[in-house]
Amino acid sequence: MSFPKRTVILDDAAHAAEFLRSGKLVAFPTETVYGLGGAIWYPETIADIFRAKGRPADNPLIVHVADAEDLNELTPSVPTIARDLVQAFWPGPLTIVVPKREAISSLISAGLDSVAVRSPKSDLARAILKECRIPIAAPSANRSGRPSATTWQAVLEDLDGWIDAVMKGPPCDIGIESTVVDCTSKYPRLLRAGSVTPEQLVVVCPEIEISGPLSAAANSPGLRHRHYQPVAKVIPIQEVQSVYPGPNRALLTLESHPAAESFGLYRRCETSEEYAAVLFEFFRQADRQGMAEIFCQLIPAGGIGRAIRDRLHRAADSQ
Ligand code: TXA
Ligand code: MG
């Protein structure tokens, strides 16, 4: 398919589903981040997702379904542990990795014999998936390596001309991507931290392996690549008070800074959840305003804190 495309803005789920059924690329909101969707049965559409994002071919895609029953179309056997996780967390921000049916293109799985699947909770995403009736592959709707998009405007910032449509939905509630759990071996393993927390996972799945984020890199191919990177330099910090303010410096924090007004961009969050919800948009806003550095307070690793720390370290490491 040819680029550039004329990207249209949609506000109707049925229209988005019709676009997807005809093999078009449609970005749509989920509760985590916006996804760049394409129907899984069209190889050319899947190839277009990789082209539009500039995504390396060795980074597999998550397939989105309306309901748990749709899993049978994607996997020959649902492991017991996957069933338990689905029961506890679907629809919601949890992706499970399960054995793949042969019919699923190896482009989607990047040559692996497994497939990642998630059933999103957001009303709009569910309406589109139900209406579409084809599972939808959807990576985050950003150019590869950039911060994920949590608003439809951020999607256009990266992908205008590369996709057929964007669904004009609300900003995403959670703001960081789903938790990914590998269910293909005897013991399930956390591959990517997200808003379903380790504390919640162990309740359902006491034997789950929750290793350090970097040691999981070999298992979750996407984690090898550059990620979440704004143009400005991301600097994780412990002590907020020690940051010297300046007009081209941004600060994202949980504790207040005595010279807040002397930063070019400043946001103080009340909770870790609020911090997660604004993080990627803060990165993007810092770039729009030409900030040189983004200081981000490292928050405690409990709950969603683990996922936030993971994103911050990756954003900083890859620069
Ligand atoms: O919240 C989310 O998960 C969002 C929304 C749109 O649903 N999607 C998302 O997709 O974050 P993406 O492509 O940015 O990240 C997919 C992650 C990558 O780390 C990838 O390596 C991993 O899932 N993944 C996909 N298929 C896999 C597989 N078969 N085995 C292991 N990891 C897999
Ligand atoms: Mg992504």
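These notebook entries record what I looked up in a predicted model of one protein.

**Entry 1. Conventions**

I note that the model is predicted, that local features need pLDDT of at least 70, that side-chain atom pairs count only at pLDDT 80 or more, and that totals for chains, interfaces and linings use all residues. Residues are numbered from 1 along each chain as its sequence is written, chains are lettered from A and ligands numbered from 1 in the order in which they are written, and side-chain values use heavy atoms, with hydrogens and water left out.

**Entry 2. Overall form**

I began with the secondary structure and found 9 helices and 14 strands in the protein. These are DSSP runs numbered from the N terminus, helices being H or I of at least four residues and strands E of at least two. The radius of gyration is 19 Å, close to the 20 Å that the globule rule gives for 319 residues, so the protein is as compact as a globular protein of that length. The radius is taken over C-alpha atoms, and the rule is 2.2 Å times the number of residues to the power 0.38. Along the principal axes, the C-alpha atoms fill a box of roughly 55 × 50 × 30 Å.

I then looked up burial: 58% of the 319 residues count as buried. Buried means under 20% relative accessible area, exposed means over 50%, and partly exposed lies in between, with a 1.4 Å probe and protein chains only. For contacts (heavy atoms within 4.5 Å), I recorded that 66% of those with a separation of 6 or more join residues 24 or more positions apart.

Two strands pair if DSSP finds at least two bridges between them.

I checked two pairs. Strand E4 (residues 62–64) runs parallel to E6 over 3 bridges, and Ile62 has Ala116 as its bridge partner in E6. Strand E9 (residues 179–182) and strand E10 (residues 189–192) are antiparallel, also over 3 bridges. E9 and E10 make a hairpin with 6 residues between them, in which Val181 is bridged to Leu190 of E10.

**Entry 3. The nonpolar cores**

A nonpolar core is a set of buried Ala, Val, Leu, Ile, Met, Phe, Trp, Tyr and Cys residues joined through side-chain atoms within 4.5 Å. Which members of the largest core touch the most other members? Among its 46 residues, I found these to be Leu85, Leu94, Ile96, Val155, Ile163 and Leu201. At least two residues of this core come from each of helix H2 (43–53), helix H3 (80–89), strand E5 (94–99), strand E6 (114–118) and helix H6 (152–159).

Apart from this core lies another, of 30 residues, including Ile176, Ala276, Ala286 and Ile294. I also followed Ile96: leaving aside neighbours within four places in sequence, its contacts include Leu71, Leu85, Trp90, Val117, Val181 and Cys183.

Is H2 enclosed or open? I found 8 of its 11 residues buried, so H2 is largely enclosed by the rest of the structure. Asp48 and Lys53 are among the buried residues of H2, as are Ile46, Ile49 and Phe50. The buried residues of H2 pack against E3, H4, E7 and H6. Just after H2, Gly54 takes a positive phi of about 65°.

In helix H5 (residues 123–132), the buried residues are Ala125, Arg126, Ile128, Leu129 and Cys132. They cover an arc of only 165° around the axis, which puts them on the same side of H5; the arc is that of the directions from the helix axis to the C-beta atoms. Their cover includes helix H1 (13–21), E2, E4, strand E7 (136–137) and E8.

**Entry 4. Backbone exceptions**

Most residues other than glycine have a negative phi, and most peptide bonds are trans. I noted Arg133, with a positive phi of about 65°, in the loop between H5 and E7. Arg133 is exposed, with a relative accessible area of 59%. Ala110 has a phi near 55° and lies in the loop between helix H4 (106–109) and E6. Ala110 is partly exposed, at 24%.

Finally, I recorded a cis peptide bond joining Trp90 and Pro91, with omega about -10°. Pro91 is in the loop between H3 and E5.
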